[in-house]
Amino acid sequence: MDSVIDARHVSETGLVVLDITAADEETALAMMDGLQQLWATSGTTPIRRDPAQPGVRARVHADIRRTNPGGEAGLPQGGEGQTSTTDQ
């Protein structure tokens, strides 16, 4: 992923940005679902394919200070990381 991580996404202890690379969309979706079961995350984000790279890619923002037993996305969806392109 070549896109810049904004400082606000990691401005406090416990905030993380996770770049996921998986063999296929089903695996990436399963991973994002698992993460959102554990923590407050940006939820299921768009999955991208980069022709120059193997597999599929996605980016998830998470707050690991807050557990999320209900499985609902807990972070604001403010649009960051929500565009689907082949070069992010």
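Asp-63 is buried in this predicted model, with a relative accessible area of 5%; here buried means under 20% relative accessible area, exposed over 50%, and partly exposed in between (1.4 Å probe, protein chains only). The model is a predicted one, in which local features need pLDDT of at least 70 and side-chain atom pairs count only at pLDDT 80 or more, while totals for chains, interfaces and linings use all residues. Residues are numbered from 1 along each chain as its sequence is written, and side-chain values use heavy atoms, with hydrogens and water left out.

Asp-63 takes part in salt bridges, each defined as a side-chain nitrogen of Lys or Arg within 4 Å of a carboxyl oxygen of Asp or Glu. Its side chain meets that of Arg-65 at 2.8 Å, N to O, and that of Arg-66 at 3.5 Å, N to O. Arg-66 is partly exposed, with a relative accessible area of 39%. Through shared partners, salt bridges join Glu-12, Asp-63, Arg-65 and Arg-66 into one network. By the stated rule, the count comes to 4 salt bridges.

Turning to the overall fold, the chain has 1 helix and 3 strands, where helices (H or I, at least four residues) and strands (E, at least two) are DSSP runs numbered from the N terminus. Along the sequence these elements follow the pattern β-α-β-β. The strands form an open sheet of 3 in the order S1-S3-S2, with antiparallel pairing; two strands pair if DSSP finds at least two bridges between them. S1 and strand S2 (39-41) stand at the edges with a single partner strand each, so one side of each is left without a neighbour in the sheet. From one strand to the next, the twist averages 40 degrees, with axes taken as lines fitted to C-alpha atoms (for helices over the stretch in contact) and angles running from 0 to 180 degrees between N-to-C directions. S1 and S3 pair in the antiparallel sense over 8 bridges, and Ile-20 stands opposite Ala-58 in S3.

Ile-20 and Ala-58 also belong to the largest nonpolar core, which has 9 residues and includes Ala-22, Ala-28, Met-32, Leu-35, Ile-47, Val-56 and Val-60 as well. Strand S1 (15-22), helix H1 (25-38) and strand S3 (56-67) each supply at least two residues of this core. A nonpolar core is a set of buried Ala, Val, Leu, Ile, Met, Phe, Trp, Tyr and Cys residues joined through side-chain atoms within 4.5 Å. In soluble globular proteins, nonpolar side chains tend to be buried together. Of the 88 residues of the chain, 35% count as buried.

Not counting residues up to four places away in sequence, Val-60 touches Val-16, Val-17, Leu-18, Ile-20, Met-32, Thr-41, Ser-42, Gly-43 and Thr-45. Val-16 itself lies in strand S1 and is partly exposed, with a relative accessible area of 23%. Leaving aside neighbours within four places in sequence, the contacts of Val-16 are His-9, Val-10, Val-60, His-61, Ala-62 and Ile-64. Val-16 and His-61 are 45 residues apart in sequence, yet 5.9 Å apart in space, C-alpha to C-alpha. Among contacts in the chain between residues at least 6 apart in sequence, 62% join residues at least 24 apart.

Asp-24 has its place in the loop between S1 and H1 and is partly exposed, with a relative accessible area of 32%. Its side chain reaches the backbone nitrogen of Glu-26 at 3.3 Å, and a polar contact of 2.7 Å joins the side chains of Asp-24 and Thr-27. A polar contact is a pair of N or O atoms within 3.5 Å; within protein, one must be able to donate a hydrogen and the other to accept it, and residues adjacent in sequence count only if both atoms are side-chain atoms. Asp-24 and Arg-57 are 33 residues apart in sequence and 8.8 Å apart in space, C-alpha to C-alpha.

How values were computed
Contact = heavy atoms within 4.5 Å.
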